[in-house]
Amino acid sequence: MERTKLNQVVTSERFIMFPKALFEDAYYKQMKLESKVAYSILRERFKLSISQHWVDSKGDVYLYYTNENLAEILGIGKDKVIRIKKELHEYGLLEEERQGFNKPNRIYVGNLEIREFAENYGNDSDTKVVAKYDFRKSQ
């Protein structure tokens, strides 16, 4: 067995979580993959926001992430980043607040609104199928 080295943990073995709702919920399925990845990257940035105490007077967590940095991490151009941010805004997943000349915008990342789960919650149609199944005849 080869043991994990510190440089692996610090660099190559860090992960970004992708919310399943972006891929399973019908509302978000139409969203472009680049936007889903960008949303996940921005959500992951909350760790830095918490450590820097980037919380406004309402208790909302915000972050700073320049278009240049987002373009670099995604491997795309700044124009594409602007289109991605526009799509995230249209889905209610991103708001930007201008801070002034030569200052980066404050970015507020929205929560996913899980629509299908709410509609199907409490639906016992799946359990009815199981209830009809005769377990005595199965092996």
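A pocket is taken here as an open set of grid points with protein on both sides within 12 Å along at least five of seven lines. In this predicted model, the largest pocket has a volume of about 260 Å³. Its lining comprises 15 residues, and those closest to the pocket centre are Asp60, Val61, Glu95, Tyr108 and Val109. Two elements each give two or more residues to this lining, namely strand S1 (94–97) and strand S2 (106–109). The most is given by S1, with three residues. Sorted by class, the lining of the largest pocket holds six nonpolar and six charged residues, along with three polar ones.

Attention now turns to the helices, beginning with the pair H4 and H7. Helix H4 (residues 33–44) packs against helix H7 (residues 78–90) at an angle of about 80 degrees, and their axes lie 9 Å apart. Because angles of 65 to 115 degrees count as roughly perpendicular, H4 is described as roughly perpendicular to H7. On the H4 side, the contact is made by Glu34, Ser35, Ala38, Tyr39 and Leu42, while H7 provides Lys80, Ile84, Glu87 and Leu88. Five of the residues in the contact of H4 with H7 are nonpolar, three are charged and one is polar.

H4 also packs with helix H6 (residues 67–74), here at an angle of about 120 degrees and with the axes 11 Å apart. The crossing of H4 past H6 is right-handed. Where these two helices meet, Val37, Ala38 and Ile41 come from H4, and Leu70, Ile73 and Leu74 come from H6. The contact of H4 with H6 has six nonpolar residues, with no polar and no charged ones.

What remains is the pairing of H6 with H7. These helices pack at an angle of about 100 degrees, their axes being 9 Å apart, and H6 and H7 are therefore roughly perpendicular to each other. From H6, the residues Asn67, Glu68, Leu70, Ala71 and Leu74 meet Lys78, Val81, Ile82, Ile84 and Lys85 of H7. By class, six residues in the contact of H6 with H7 are nonpolar, three are charged and one is polar.

Technical notes: Residues numbered from 1 in each chain as written. Predicted model: local features only at pLDDT ≥ 70, side-chain atom pairs only at ≥ 80, totals over all residues. Heavy atoms only, no water. 1 Å grid on protein atoms, 1.4 Å probe; cavity = no way out; pocket = protein on both sides within 12 Å on 5 of 7 lines; lining within 4 Å. Points joined across faces, edges and corners; volume = space filled by probe spheres on them. Helix = DSSP H or I, 4+ residues; strand = E, 2+ residues; numbered from the N terminus. Nonpolar A, V, L, I, M, F, W, Y, C, P; charged D, E, K, R; others polar. Axes fitted to C-alpha atoms, helices over the stretch in contact; angles between N-to-C directions. Parallel < 35°, antiparallel > 145°, perpendicular 65-115°, else oblique. Contact = heavy atoms within 4.5 Å. Left-handed = near helix turned anticlockwise from the far one by under 90°.
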